[in-house]
Amino acid sequence: MTMDTLSREEKNQMLEEIAYFFKEEFELDLGIIRREAIFDFFQDNLAKYIYNRALDDAKRFYEKSASNMESDYYALYKD
C-alpha cells in the first residue's frame, strides 16, 4: 500500500514533522534523504495496519448505526 493520494504539500509537511521529532527527541538533524527513508519505512510497514484498523472502525460504526436505524424506524410508528 502506498500513500500516493498525498499531495506534495501533505508529504512535505510530514517530512518536516519527522525532522522536528528527531531534532526534539534525539537532537538529530536529518537531511531530506533520511527524512524520506524514515517516511518510506513507516509507510511501507505501518500504513496497511493503520488503514485496515480504520476500515474495521468504520465497519463497527456502520453496524452500530444500522442496528439503531431499525429501532429508530419503529419509533416513528404512531399508536
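The chain holds seven aromatic pairs, where rings of Phe, Tyr and Trp (its six-membered ring) pair if their centres lie within 6.5 Å, with planes under 30 degrees apart counted as stacked, over 60 as edge-to-face and the rest as tilted. The model is predicted: local features need pLDDT of at least 70, side-chain atom pairs count only at pLDDT 80 or more, and totals for chains, interfaces and linings use all residues. Residues are numbered from 1 along each chain as its sequence is written, and side-chain values use heavy atoms, with hydrogens and water left out.

Phenylalanine 22 and phenylalanine 26 form a tilted aromatic pair, 5.5 Å centre to centre with 45° between the planes. Phenylalanine 22 is buried at 19% relative accessible area, whereas phenylalanine 26 is partly exposed at 46%. Here buried means under 20% relative accessible area, exposed over 50% and partly exposed in between (1.4 Å probe, protein chains only). Ring pairs link Phe21, Phe22 and Phe26 into a cluster.

**View B. A nonpolar surface patch.**
Phe41, Phe42, Leu46, Tyr49 and Ile50 make up the patch, with about 540 Å² of accessible area together. Areas come from the Shrake-Rupley method with a 1.4 Å probe, and for residues only the protein chains shown count as cover. Isoleucine 50 lies in helix α2 (residues 32-75) and is exposed, at 57% relative accessibility. Phenylalanine 41 is partly exposed at 48%, as is phenylalanine 42 at 42%.

**View C. Leucine 6, ahead of α1.**
Leucine 6 is in the segment before α1 (8-26). Not counting residues up to four places away in sequence, leucine 6 touches Met14 and Phe39, contact meaning heavy atoms within 4.5 Å. Leucine 6 and glutamate 25 are 19 residues apart in sequence and 26 Å apart in space, C-alpha to C-alpha.

**View D. Glutamate 27 in the loop.**
Glutamate 27 sits in the loop between α1 and α2. Its phi is near 55°, a positive value in a residue other than glycine. Glutamate 27 is exposed, at 68% relative accessibility.

Conventions
Patch = residues over 30% accessible without salt bridge, like charges linked within 9 Å, V, L, I, M, F, W, Y side chains within 5 Å. Salt bridge = Lys/Arg side-chain N within 4 Å of Asp/Glu carboxyl O. Helix = DSSP H or I, 4+ residues; strand = E, 2+ residues; numbered from the N terminus.
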